[in-house]
Amino acid sequence: MVRVPPGPRATGRPAAVAVAVAAALFAVALTALWGLSLGPEGDGGPPLAAPVTVFTPLDEDDGHLAEGEGVSPFAEGLPLLERMDPELLEAVRAAAAEAREDGVDVVVTSGWRSERYQRFLLDAAVAVHGSEEEAARWVASAESSSHVSGDAVDIGRTDAADWMGRFGGAHGLCRTYANEMWHFELAAGPGDACPAPRADASAG
């Protein structure tokens, strides 16, 4: 689950997460510098830190997209789409085709995510919000995330997320969190009424 303000490249993810991601990457870079850990006498001797752990950047195999990017739900060969639940992807594509007839261009800003990607997002949210409790309102754990299980999709841009919130129910697509207008899951049968959204991700 993750956000952004309206605009030509708005994805529906908040600017706060962009800051968090940058902060987390910066922190990783700092921990990789031996010179930041001085010896016991503070004289530049052997570092106190454990040997450097190499961080492998997130990539498309994790379901990762660069901040501000989105892809067509009809794209091929992308794990973030192909590892989504097939019924969910089919519903998103059907809704996107209908939205296009209304002049709305639907893009997917996040679909399936790897466990390590989800952990990265949660760590970044903790850095921004200052506590695991507050971060949990915006980002689920890797163990509970519907993105990791392939059962959720984030829709951008803002007009597309708004369209999906109003008409996605015809395809069973429901907004599941009140504080995330971009996050949708198959939570009803096609044409059935969507359940009331939960307050946020911490509600389960």
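A salt bridge is a side-chain nitrogen of Lys or Arg within 4 Å of a carboxyl oxygen of Asp or Glu. By this criterion, a search of the whole structure finds eight salt bridges. The structure is a predicted model, in which local features need pLDDT of at least 70 and side-chain atom pairs count only at pLDDT 80 or more, while totals for chains, interfaces and linings use all residues. Residues are numbered from 1 along each chain as its sequence is written, and side-chain values use heavy atoms, with hydrogens and water left out.

Helices (H or I, at least four residues) and strands (E, at least two) are DSSP runs, numbered from the N terminus. In these terms, D154 belongs to strand β2, whereas R113 sits in the loop between β1 (107-110) and α4 (115-129).

In the one between E115 and R119, N and O are 3.1 Å apart. These residues are four places apart in helix α4, so about one helical turn separates them. E115 is partly exposed, at 43% relative accessible area, and R119 is also partly exposed, at 38%. E115 and R119 are joined by E143 in a network of salt bridges. In helix α6, D162 and R166 are likewise four residues apart, about one turn of the helix, and their salt bridge has its closest N and O atoms 3.1 Å apart. D162 is partly exposed with a relative accessible area of 35%, whereas R166 is exposed at 53%.

Turning to the interior, in soluble globular proteins nonpolar side chains tend to be buried together. A nonpolar core is a set of buried Ala, Val, Leu, Ile, Met, Phe, Trp, Tyr and Cys residues joined through side-chain atoms within 4.5 Å. The largest such core in this model has 24 residues, and V108, V153, I155 and M164 have the most contacts inside it. At least two residues of this core come from each of α2 (79-82), α3 (86-101), β2 (153-156) and α6 (158-167). Helix α3 gives the most, with seven residues. A second, separate core has eight residues, including L58, L121, A135 and V139. Contact means heavy atoms within 4.5 Å. Leaving aside neighbours within four places in sequence, M164 is in contact with A95, V106, I155, G169, L173 and F184.

Two strands pair if DSSP finds at least two bridges between them. Strands β1 and β2 run antiparallel and are joined by three bridges, with V108 standing opposite I155. Strand β2 also pairs with β4 (residues 183-186), again in the antiparallel sense, over two bridges. Here D154 has H183 as its bridge partner. Strand β2 is covered on both faces: V153 and I155 on one side, and D154 and G156 on the other, are all buried. In the loop between β3 (173-175) and β4 lies T176, which is buried at 6% relative accessible area. Not counting residues up to four places away in sequence, T176 touches H183, E185, A187, P197 and R198.

Aromatic rings complete the survey. Rings of Phe, Tyr and Trp (its six-membered ring) pair if their centres lie within 6.5 Å; planes under 30 degrees apart count as stacked, over 60 as edge-to-face and the rest as tilted. The structure holds one aromatic pair. The rings of W163 and F167 have centres 5.3 Å apart and planes at 50°, so the pair is tilted. W163 and F167 are four residues apart in helix α6, about one helical turn; W163 is buried at 2% relative accessibility, while F167 is partly exposed at 34%.

Charges can also sit over rings, which requires NZ of Lys or CZ of Arg within 6 Å of the ring centre and within 35 degrees of the ring normal. The charged end of R83 sits over the ring of W112, 4.7 Å from its centre.

Terms used: Buried means under 20% relative accessible area, exposed over 50%, partly exposed in between (1.4 Å probe, protein chains only).
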